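Reader: I have a new structure to read. Where do I begin?

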Amino acid sequence: MSDGGGGGERRRLLLSDASFAVGSVCFAFAALPSVADALGAIVTNVVFVVGSVFFTLGAGLALGVPNRSSSVIQFVGTLFFNVSTTIALAAAVPAGSAGGTGWRPDAYGSICFLVSSLIAVVAVARQRGSRRDGAGAVLNLLGSVLFGFAAVGAFELPGTDALLSAFWTGVGTVGGAVCFLAAAVLGLLPAPAAQRAATASK
C-alpha cells in the first residue's frame with residue numbers, strides 16, 4: 001500500500017508539473033507583443049484564460065502533497081489569475097481589435113505566487129532536498145518575482161492610460177512564465193535513484 005501511495009503522489013505531481021508547463025507556455029506565448037498583434041485581443045486573451053485554467057489544474061493536483069501551506073496559497077493565486085484573465089477576455093470581446101491585449105498581471109495572484117514560492121524554497125532548504133528540487137524551487141521563486149515586477153509595471157499612472165512600465169509588464173510576464181516552465185520541466189524529469197529508493201521504502 002505504501003508503494004501505491006508513493007506512486008500515486010508521484011503521478012499527481014507529474015500531472016501537476018505537466019499542467020504548469022502548458023499554462024506557462026500559454027502565458028509566455030500570449031504575452032509576446034508580436035503574437036498579440038498577430039492574434040488580436042480576443043484570441044490572445046483566450047490563450048491567457050486557457051493558461052490560467054491549466055495553472056489552477058496544476059495547483060489543484062498539488063494540494064494534499066508535502067508542503068501543503070505552499071500549495072494552498074499557490075492554488076488561491078491561480079484563482080486570482082482565473083478571475084483577472086476572464087475579466088480581460090470579457091472586456092476584449094466588445095472592444096474587438098481596438099481592445100489591445102487586455103490582460104495585465106494580477107497583483108493579488110502574483111503576491112500569492114511569491115509567498116508560496118518563498119515557503120517552498122525554505123521548506124526545500126530545511127528538508128535538504130535534492131539539487132533538482134532546490135533548482136525547481138528557486139526557478140519558481142524567480143518566476144514569481146518577475147510576475148511581481150510585471151504586476152507593478154502594469155499599474156496605471158493616475159489620470160492616464162499609461163502603464164508605470166510597459167517594459168516590465170511584458171518582460172516580467174514572459175520571463176516569469178519561462179521560469180515556471182523550466183521548473184515544471186525539471187519536475188517532469190525522472191527522479192534521482194536515491195530519491196526513488198527513499199520513496200519506495202516508505
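Author: We will go through helices, then the core, then the cysteines. Keep in mind that this is a predicted model.

Reader: What span should the 22 residues of helix α3 have?

Author: Count 1.5 Å a residue. After α3 comes G64, with a positive phi near 90 degrees.

Reader: How far does helix α6 reach from its first C-alpha to its last?

Author: Helix α6, residues 131-153, reaches 33 Å. That is close to the 33 Å expected for its 23 residues.

Reader: Which residues of α6 are buried?

Author: First, the general idea. An α-helix has 3.6 residues a turn, so residues three or four places apart point the same way. Now the case here. The buried residues of α6 include A137, L141, S144, F147 and A151.

Reader: Which residues have the most contacts inside the largest nonpolar core?

Author: They are F27, F48, F55 and W103, in a core of 20 residues. Helices α1 (2-31), α3, α4 (68-95) and α7 (166-188) each supply at least two residues of this core. The most come from α1, which gives seven.

Reader: What is F48 in contact with, leaving aside its neighbours within four places in sequence?

Author: F48 is in contact with F27, A30, A31, T85 and W103.

Reader: Does C26 count as buried or exposed, and why?

Author: Buried means under 20% relative accessible area. C26 has 13% relative accessibility, so C26 counts as buried. C179 has 9%, so C179 counts as buried.

Notes
Residues are numbered from 1 along each chain as its sequence is written. This is a predicted model: local features need pLDDT of at least 70, side-chain atom pairs count only at pLDDT 80 or more; totals for chains, interfaces and linings use all residues. Side-chain values use heavy atoms; hydrogens and water are left out. Helices (H or I, at least four residues) and strands (E, at least two) are DSSP runs, numbered from the N terminus. The expected span of a helix is 1.5 Å times one less than its number of residues. A nonpolar core is a set of buried Ala, Val, Leu, Ile, Met, Phe, Trp, Tyr and Cys residues joined through side-chain atoms within 4.5 Å. Buried means under 20% relative accessible area, exposed over 50%, partly exposed in between (1.4 Å probe, protein chains only). Contact means heavy atoms within 4.5 Å.
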